[in-house]
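Hi,

Here is the structure I promised to pass on. Please open it and keep it beside this message.

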Amino acid sequence: MKERLLQESTPADADDRLPVSQVNGEKTSEYISSLVPDLPDWLADTERRAKREEVPIIRKEAQGLLRFLLSARQPKSILEVGTAVGFSAAFMEDCVGYGVPLTTIEKVPARIEAAKRLFTERSELAAITLREGDAAEVLAELAAEGRKFDFVFLDAAKAQYPIYWQLIRPLLADGAYFVADNVLQEGSIAESKFTVQRRDRTIHLRMREFVRELFGEKSVVSTLLPVGDGMTVSVYHER
Ligand SMILES: C[S@@+](CC[C@H](N)C(=O)[O-])C[C@H]1O[C@@H](n2cnc3c(N)ncnc32)[C@H](O)[C@@H]1O
């Protein structure tokens, strides 16, 4: 089988390498993004405003994956780490048909204000609770409160992902999905740490650590998808 695959690959004198995937690239990304369903007008406005103000929010491809996963899991409770101005929280509520309790965490005051404004302006978003403060502290509080979630979306400080994962694990209900964004870091995660700019090395090391711990964890089955900036998707099973 391997032999046949090698024959099909180029160049013809391919050595022992298996064929490299050629599917990732700008055109593919644009094409996948074009398949993502349109947003309601008010949510598209929120997305446009966030982009104009250079607030980092989930990309179209990530939206497509999240919508699919939320539809598959049909969560009764959602947790988000990293609200920014509330776009992805509002987006996830739209995916589940609104009314599903969603807790989201943010620590930057200006973003908290903007997100609160959105959540109060739109009556569809009444099920969203914004927890203000440092994510690590709020996650520990949620565990102390005995909270469990069916769906957790991690999209906050990338260098903290290993710590967040340790704090999120106890919050997962049986069968929960755990999704983390920006894991491939524009592809740099696959590079050697020596080729990564010095200032990006901490994130590189921590992201590698996060992925290693996630994939080494017996209670979850995980995959890393080259969607958007790279997303891990894990399913948690109590053993
Ligand atoms: C990429 S943005 C989130 C985007 C949002 N999920 C969306 O797609 O609409 C990451 C957010 O995490 C917040 N954040 C970073 N570190 C944090 C921390 N330690 N505690 C709480 N929030 C944090 C940042 O302030 C920022 O608004």
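Below is what was found in it.

This is a predicted model; local features need pLDDT of at least 70, side-chain atom pairs count only at pLDDT 80 or more, and totals for chains, interfaces and linings use all residues. Residues are numbered from 1 along each chain as its sequence is written.

Start with the core. The largest nonpolar core has 56 residues. Such a core is a set of buried Ala, Val, Leu, Ile, Met, Phe, Trp, Tyr and Cys residues joined through C-beta atoms within 7 Å. Buried means 20 or more other C-beta atoms within 10 Å of a residue's own, exposed means 12 or fewer, and partly exposed is in between; C-beta atoms are placed from the backbone. Phe178 is among the residues with the most contacts inside this core. Leaving out residues up to four places away in sequence, Phe178 touches Val152, Ile168, Leu172, Val220, Ser234 and Tyr236 (contact: C-beta atoms, placed from the backbone, within 7 Å).

Now two backbone angles. Most residues other than glycine have a negative phi. Gln74 is not a glycine, yet its phi is positive, about 50°. Gln74 sits in the loop between α4 (60-73) and β1 (78-81). Helices (H or I, at least four residues) and strands (E, at least two) are DSSP runs, numbered from the N terminus. Asn182 also has a positive phi, near 65°. Its loop runs between β5 (172-180) and α9 (201-216).

Are these two residues buried or exposed? Gln74 counts as exposed, because it has 11 C-beta neighbours inside 10 Å. Asn182 counts as buried, because it has 23.

Best wishes

Terms used. Two residues are in contact if their C-beta atoms, placed from the backbone, lie within 7 Å.
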